[in-house]
Amino acid sequence: MNFRGLLKPSAKYSILALLSIGIAVGVVGYFVTQQTLHATSTDDFCMTCHSNHSLKDEVLASAHGGGRSGVVVQCQDCHLPHNPVEYLVKKIIVSKDLIGYMTIDGFNTQEWLDANRKEQADLALEYFRANDSANCQHCHSRIYEDQPETMKKMAQRMHARNFEKAPEDRKTCVDCHKGVAHPYPKG
Ligand code: HEC
Ligand code: HEC
Ligand code: HEC
Ligand code: HEC
C-alpha cells in the first residue's frame with residue numbers, strides 16, 4: 001500500500017489501517033504515560049532533586065513516619081492531588097521545578113532549604129489552602145462527621161466547633177496543623 005492510498009478516505013482499507021494505527025498509538029501512549037506518572041510519584045523521584053535536603057528524615061521522625069502505627073506517608077500522598085486531571089496540572093507545575101533546579105544557585109543544599117524554609121513552606125501551604133486540605137482529608141476522613149471515640153476530647157471539640165461554621169468561615173486542616181511532616185519555621 002502506498003502513502004497516497006493511506007490518505008485517500010475512499011479506500012476502505014486505508015481507513016481501517018489508520019484506525020488500527022490510531023488505537024495502537026493510543027494504547028501505547030496510555031501505558032507510557034501511566035508508567036511515567038507512576039515513576040515520577042515516588043519518594044525517590046522527589047529526592048532526586050531534594051537529595052541533600054532533610055525533608056525525608058523529617059517525615060520519618062514525624063507522626064507521619066510510622067513510629068506509632070507503622071504507616072510511612074509518602075511525599076505524593078500529601079503534595080500531589082488524587083484527581084487525575086488536577087494531578088496532571090500539578091505535575092506540570094512540578095515540572096517548573098526543573099527550571100528552578102537549574103537556575104537557583106545552591107538549591108540542593110541544606111543551607112538553601114534552611115534559608116528559604118519559610119517562603120517554601122508558605123508556597124506549599126497555598127496548595128493545601130486552595131483545595132481545603134483535600135490530601136489530608138483523603139486519609140483523615142473522620143475528623144468532622146463520625147468522629148472516632150478514641151479521639152482526644154479537646155480535638156473533638158475543636159473539630160466540631162470548626163465544622164459548625166458556614167463552609168466559607170471554616171478553617172482548613174493546615175491552618176491549625178502546621179509542621180505535621182516537616183518543622184514549620186517560627187516567625
Ligand atoms: C527537577 C527537580 C525537582 C523535583 C524532581 C522535585 N522538586 Fe520540589 N522543588 C524543586 C525546586 C527547584 C523547588 C524550589 C523552587 C520553586 O519553588 O519552584 C522545589 C520546591 C518544592 C516545594 C515547595 C514549594 C512549593 O511550590 O510548594 C515542595 C512542597 C516540593 N518541592 C515538593 C516536591 C515533591 C513532593 C516532589 C516529588 C513529587 C518534588 N518536589 C520533586 C525541584 C524539584
Ligand atoms: C496517607 C495518609 C495520610 C495523609 C495524606 C495525612 N495523614 Fe495525618 N496521619 C496519618 C497517620 C497514619 C497518622 C498516625 C495516626 C496514629 O498514629 O494514630 C497521622 C497523624 C496525624 C496527626 C496526629 C499527629 C500526632 O502528633 O499525633 C495530625 C494532626 C495529622 N495527621 C494531620 C495531617 C494533616 C494536616 C495532613 C495534610 C497536610 C495529613 N495529616 C495527611 C495519615 C495521613
Ligand atoms: C480550628 C483548628 C483545627 C482545625 C481546622 C483542624 N484541627 Fe485537628 N486538632 C486541633 C486541635 C486543637 C487538636 C488537639 C491538639 C493536638 O493534638 O494537636 C487537634 C487534633 C487532631 C488530631 C489528633 C487527634 C488525637 O486524638 O490525637 C488529628 C489527627 C487532627 N487533628 C487532624 C485534623 C485534620 C485532618 C483536619 C482537617 C480535616 C483538622 N485536624 C482540622 C485543631 C484543629
Ligand atoms: C503528612 C503530609 C506530608 C508529607 C508526607 C510530606 N509533606 Fe512536605 N509539606 C507538608 C506540609 C503541610 C507543608 C507546609 C509547611 C508545613 O506545614 O510544615 C510541607 C512543606 C514542604 C516543603 C517546603 C519547605 C518546608 O519544609 O516547609 C517541601 C520542599 C516539602 N514539603 C517536600 C516534601 C518531600 C520531598 C516529602 C517526602 C520526603 C514530603 N514533603 C512529605 C506536608 C507533607
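Tutor: Helix H9 gives the most to the shell around ligand 3, with five residues. Keep in mind that this is a predicted model.

Student: How many residues surround ligand 3, and which are the closest?

Tutor: A shell is read by closeness: a residue counts if a heavy atom lies within 4 Å. Here 16 residues surround ligand 3. The closest are Lys-152, His-159, Cys-173, Cys-176 and His-177.

Student: What polar contacts does ligand 3 make, for instance with His-159?

Tutor: Look for pairs of N or O atoms within 3.5 Å. A polar side-chain atom of His-159 sits 2.8 Å from a nitrogen atom of ligand 3. The side chain of His-177 also places an N or O atom 2.8 Å from a nitrogen atom of the ligand. Lys-152 uses a backbone N or O atom, 2.8 Å from an oxygen atom of ligand 3. Two elements give two or more residues to this shell: helix H9 (153-164) and helix H10 (173-176).

Student: Now ligand 2. Which residues coordinate its iron atom?

Tutor: His-64 and His-140, each through NE2, at 2.0 Å.

Student: Why is the arrangement octahedral?

Tutor: Geometry is read from donor angles. Six donors count as octahedral if opposite ones are over 155 degrees apart and all others between 65 and 115. The six donor atoms here subtend angles of 88 to 180°, so the arrangement is octahedral.

Student: Where do His-64 and His-140 lie?

Tutor: His-64 is in the loop between helix H4 (55-61) and helix H5 (75-79). His-140 is in the loop between helix H8 (134-139) and H9. The pair therefore ties together parts 76 residues apart in sequence.

Methods
Residues numbered from 1 in each chain as written. Chains lettered and ligands numbered in written order. Predicted model: local features only at pLDDT ≥ 70, side-chain atom pairs only at ≥ 80, totals over all residues. Heavy atoms only, no water. Polar contact = N/O pair within 3.5 Å; in protein donor to acceptor, adjacent residues only side chain to side chain. Helix = DSSP H or I, 4+ residues; strand = E, 2+ residues; numbered from the N terminus. Donors = N, O, S within 2.8 Å, 3.2 Å for Na, K, Ca; no water. Tetrahedral: all angles 85-135°; square planar, octahedral: opposite > 155°, others 65-115°.
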